[in-house]
Amino acid sequence: MADPPIRILLVEDNPGDARILRELLREARSFYFELTHVERLAAAREHIRTEGADVVLLDLSLPDAHGLDTVRGMLEAAPEAPIIVLTGLDDDATALHAVQAGAQDFLVKGDVDAAVLARSVRYARERKRLELERVHLL
C-alpha cells in the first residue's frame, strides 16, 4: 500500500512565489503531496482547525501578520505540525529567531530549488516527530 500524501499547507500572499513553490514541489518527485494554498494567517489557522496539515510552508510577511508574530501565530494554531519559514529576507538573525521560536527550518525563497525544498520537508517532519516523541516521553 502506498504512503498517504503529505498534506502541505502553503501560506503565501504572493501568487508568483506560490506558483514557483508549487512547481518546485512537483519537480522534487521524492514524495506524494497534496498542496493547499492560502494567503493569510487567519485562513491558515482556519484550515489547520478544520483540515489539519502535515507540514506548513510559511511566508514571514503576510497581510495579517509579519515577522516572528507569523511563526508564533501558526505555532499556536498548529503545535504538532512542522513549520518551514520561507522568506525573501536572507538574514541569519531572523532565521535563528524563527527556529528558536519553533520553526523547523528557514529557507530563502531565491535560494531554494526542488531538492532543497523536498529535503527540508522530509527533515522538518522527522525533527518535529522526534521533538513530539521527546515531549511525550518526558
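Gln104 lies in the loop that connects helix H4 (92-101) with strand E7 (105-108); helices (H or I, at least four residues) and strands (E, at least two) are DSSP runs numbered from the N terminus. The model is predicted, so that local features need pLDDT of at least 70 and side-chain atom pairs count only at pLDDT 80 or more, while totals for chains, interfaces and linings use all residues. Residues are numbered from 1 along each chain as its sequence is written, and side-chain values use heavy atoms, with hydrogens and water left out. Gln104 counts as buried because its relative accessibility is 10%, buried meaning under 20% relative accessible area (1.4 Å probe, protein chains only). Apart from neighbours within four places in sequence, Gln104 is in contact (heavy atoms within 4.5 Å) with Pro82, Ile83, Ala124, Arg127, Lys128 and Glu131.

The largest pocket holds about 160 Å³ of space. Its lining comprises 13 residues, of which Ala53, Asp54, Glu80, Ala81 and Pro82 are the closest to its centre. A pocket is here an open set of points on a 1 Å grid over the protein atoms alone, where a 1.4 Å probe fits, with protein on both sides within 12 Å along at least five of seven lines; lining residues have an atom within 4 Å of a point. The volume is the space filled by probe spheres set on the points, which are joined across faces, edges and corners. Helix H5 (residues 114-137) gives the most to this lining, with 4 residues.

Strand E1 (residues 6-11) runs parallel to strand E2 (residues 33-38), and 6 bridges join them; pairing requires at least two DSSP bridges. Ile6 stands opposite Phe33 in E2.

How values were computed. Buried < 20%, exposed > 50% of the residue type's maximum accessible area, 1.4 Å probe, protein only.
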